[in-house]
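The points are grouped by topic.

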Amino acid sequence: MTNHVTLTQFIIEQQRGLPGVSGTFTLLLNDVVTACKKISHLVNRGNLVGVLGSAESENVQGEVQKKLDIITNDIMVEALNWTGHLAGMASEEIDGIIPIPSQYPKGKYLALFDPLDGSSNIDVNLAVGTIFSILRCREGAEPTMEDFLRKGSEQVCAGFVLYGPSTMMVLTTGHGVNGFTLDQDIGEFILTHPAMTIPAETSEFAINMSNQRFWEPPVQRYIEECLQGTEGVREKDFNMRWIASMVAEVYRILTRGGIFMYPYDLRDPSRAGKLRLMYEANPMAFIVEQAGGVCSTGRERILDMNPTGLHQRVPVILGSKNEVERIVGYHLAKG
Ligand code: AHG
Ligand code: MN
Ligand code: MN
C-alpha cells in the first residue's frame, strides 16, 4: 500500500526540526483544516442544503453578500474562536477585529481570512476558495489594530483551499509551497503536490479585460503586446484565462505558470485596486514568492507594504517571475 503523508503528519515533521516550537501552530492549522473541510462539504452539497443565492445584505465594503459568504465566515469564526490558539481574527465579511469570546483562553496567533473567495462563481457552480494568513501576536494582551497591520513579510503561514473538482489545500510556512488533496473517504488532506514551483517563463495571462479602459499605460502596453502575438515585439502568441476567483487563478499559476493581474484601476481613485491586502494579496504573495514567483503592485513588492487598514485594497500583479518583472519595468519606465 502507498504510504500517504497527511497534512498533519507533514506539518509535525516540518515543525519538529525548528527551535522553540511548542506544537500550538500544528493545532491551529488543524482548526483551519476542520473549518475548510466543513466549507468543502457545504459547497459540494450546494442547493441540496439551500446554501446558494444572495443574502440580500452588504458587507463592510459595500459588496452584496451571498448566503455562503456569511455561512463560511461563521464556520471559520466558530472553528477558530474557542480552541485557545488565537488572540484574535479578521475577516473580509466583518468590519473590525473579531475578538476571542471572554470565556475562552487566548493564544499567540492572529488569523485573517477571506472565507469565500470568488463568491460570484458560487451560483454558477464554478471554483471558489478560502484564503488565510497567520501572524504571530504579543501574548497576554488583547490584540490591537497595530498587532494586525503587519507587513506581509511577517506572516508565519499562508494558505488557501480551492473547492474545485477536488478540494485542495496549498500551504506555506516559509519553507516552500506544498499542495494537499482532500481524500473525502478518510477526511484527510494528503500530500499530493510537494514543492510546488512557478516556472519563470509563461505565455498565459489572466486579467478582467472589461476594465481595459481604466488601466494605467504600463498595463495597457503589456496586454497590447501580448495580444499582438507573433506579429508584435513579444514574437509569440499568448493565451488568456479569467476565472474570477483568485484562488483558482493562483492554483493554475502554481501548476503551469502564468500571470494574474487585478491592476490599479482609475474607476475610483479612492480605491487603489480591487483585491484586499491583508487577506488576499499578502497570503497569495507569500505563497507565490515561496514558489519562486513574484508579486507586486507594479511599483512595490506586496510583502513590503505597510498596511493602513484591515480592508485596504491594493493593485496585484503576480505569477511567473520574468513576466511580472517585465510589467514592473514598464511601470518604472512610465508606460
Ligand atoms: P471575493 O469573492 O472574495 O469578493 O473576491 C473576488 C475577487 C477575486 O477572487 C477575483 O480575482 C476578482 O475578485 C474577480 O473580480 P471581477 O468580478 O471584477 O472579475
Ligand atoms: Mn476574495
Ligand atoms: Mn470573499
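Which elements are included in what covers the buried residues of α8? The cover includes α5 (217-228), β13 (259-262), β15 (294-296) and β17 (316-319). The model is a predicted one, and its main features are set out below.

**Helix α8 and its surroundings**

- Helix α8 comprises twelve residues, 321-332. Its first and last C-alpha atoms are 16 Å apart, close to the 16 Å expected at 1.5 Å a residue.
- The buried residues of α8 are Glu-323, Val-324, Ile-327, Tyr-330 and His-331. Viewed down the helix axis, the buried residues of α8 fall within an arc of 115°, so they line one face of the helix.
- An α-helix has 3.6 residues a turn, so residues three or four places apart point the same way.

- Glu-92 belongs to the loop between β3 (86-91) and β4 (98-99), whereas Asp-114 belongs to strand β5 (residues 109-117), so the pair ties together parts that are 22 residues apart in sequence.
- Glu-92 has a relative accessible area of 6% and is buried, since the cut-off for buried is under 20%. Asp-114 is likewise buried, at 0% relative accessibility.

**Manganese ion (ligand 2)**

- The manganese ion (ligand 2) is coordinated at 1.9 to 2.2 Å by Asp-114 (OD), Asp-117 (OD) and Glu-280 (OE). The sequence pattern of its donor residues is D-x2-D-x162-E.
- Asp-117 is part of strand β5 and Glu-280 is part of helix α7 (residues 277-290), so this pair ties together parts that are 163 residues apart in sequence.
- Asp-117 is buried at 5% relative accessibility, and Glu-280 is buried at 2%.

**Link between the two metal sites**

- What do the two sites share? Asp-114 coordinates both the manganese ion (ligand 2) and the manganese ion (ligand 3). The two ions are 3.7 Å apart.

**Annotated domains**

- An unreviewed UniProt entry carries the annotation "domain: Fructose-1-6-bisphosphatase class I N-terminal" for residues 6-194. This span, 6-194, is 26% helix and 32% strand, and its end C-alpha atoms lie 12 Å apart.
- The UniProt annotation "domain: Fructose-1-6-bisphosphatase class 1 C-terminal", also from an unreviewed entry, covers residues 198-329. The span 198-329 is 35% helix and 15% strand, with its end C-alpha atoms 20 Å apart.

**Overall fold**

- The protein contains eight helices and 17 strands. Its radius of gyration is 20 Å, close to the 20 Å that the globule rule gives for 335 residues, so the protein is as compact as a globular protein of that length.
- Along the principal axes, the C-alpha atoms fill a box of roughly 65 × 50 × 45 Å.
- Of the 335 residues, 55% count as buried.
- Among contacts between residues at least 6 apart in sequence, 63% join residues at least 24 apart.

Notes
Residues numbered from 1 in each chain as written. Chains lettered and ligands numbered in written order. Predicted model: local features only at pLDDT ≥ 70, side-chain atom pairs only at ≥ 80, totals over all residues. Heavy atoms only, no water. UniProt positions renumbered as here; feature names shortened; annotations may be inferred. Helix = DSSP H or I, 4+ residues; strand = E, 2+ residues; numbered from the N terminus. Donors = N, O, S within 2.8 Å, 3.2 Å for Na, K, Ca; no water. Buried < 20%, exposed > 50% of the residue type's maximum accessible area, 1.4 Å probe, protein only. Expected span 1.5 Å × (residues − 1). Arc of directions from axis to C-beta. Contact = heavy atoms within 4.5 Å. Rg over C-alpha atoms; globule rule 2.2 N^0.38 Å.
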